[in-house]
Amino acid sequence: MTDTMLRVPDMSCGHCKAAVERELNKVSGVERASADVANGVVEVSYDERRVTTGQLEDAIEAAGYRVAG
C-alpha cells in the first residue's frame, strides 16, 4: 500500500470534501481517501499495482476540482 498527498486548493467546504473523497473511493485499488479542506490537500492510500497517480488525479478532476502541481 502506498500513501500520497495531492494538493487540491479549490476545495472550500464539506461538499467539496465529500465530492473528492467519493470520486477517489470509486477507483479500484484506493483503500482510503481523506480530504483536508483547510489545508487544501487529499491524503490517499492505494495499491500502486492497481492504480496510478494519474488515475487519482483524473478522479479528482471528475469531481470538478484541479490538482495543483
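Predicted model: local features only at pLDDT ≥ 70, side-chain atom pairs only at ≥ 80, totals over all residues.

The stops that follow cover a nonpolar core and then several salt bridges.

Residues are numbered from 1 along each chain as its sequence is written.

**The nonpolar core**

Select Met11, Val20, Leu24, Val42, Leu56, Ile60 and Tyr65: these have the most contacts inside the largest nonpolar core, which has 21 residues. Such a core is a set of buried Ala, Val, Leu, Ile, Met, Phe, Trp, Tyr and Cys residues joined through side-chain atoms within 4.5 Å. Buried denotes under 20% relative accessible area, exposed over 50%, and partly exposed the range in between (1.4 Å probe, protein chains only).

Next, colour α1 (14–26), β2 (30–36), β3 (41–46) and α2 (53–62), the elements that each give two or more residues to this core. Helices (H or I, at least four residues) and strands (E, at least two) are DSSP runs, numbered from the N terminus. The largest share of the core, four residues, comes from α1. In soluble globular proteins, nonpolar side chains tend to be buried together.

Now centre the view on Tyr65. Which residues does Tyr65 touch, not counting those up to four places away in sequence? They are Val8, Asp10, Met11, His15, Cys16, Ala19, Val20 and Ile60; contact here means heavy atoms within 4.5 Å.

**The salt bridges**

The structure holds five salt bridges, each a side-chain nitrogen of Lys or Arg within 4 Å of a carboxyl oxygen of Asp or Glu.

Select Glu21 and Lys17, whose closest N and O atoms are 2.8 Å apart in a salt bridge. The two residues are four apart in helix α1, which means that about one helical turn separates them. Glu21 is buried at 17% relative accessibility, whereas Lys17 is partly exposed at 29%.

Move to Glu43 and Arg32, a salt bridge with its closest N and O atoms 3.6 Å apart. Because Glu43 lies in strand β3 and Arg32 in strand β2, the pair ties together parts that are eleven residues apart in sequence. Glu43 is partly exposed, at 30% relative accessibility, and Arg32 is partly exposed, with a relative accessible area of 35%.

Finally, select Asp47 and Arg49, whose side chains meet in a salt bridge at 3.1 Å, N to O. Is Asp47 buried or exposed? At 11% relative accessibility, Asp47 counts as buried, while Arg49, at 71%, counts as exposed.

Notes:
Heavy atoms only, no water.
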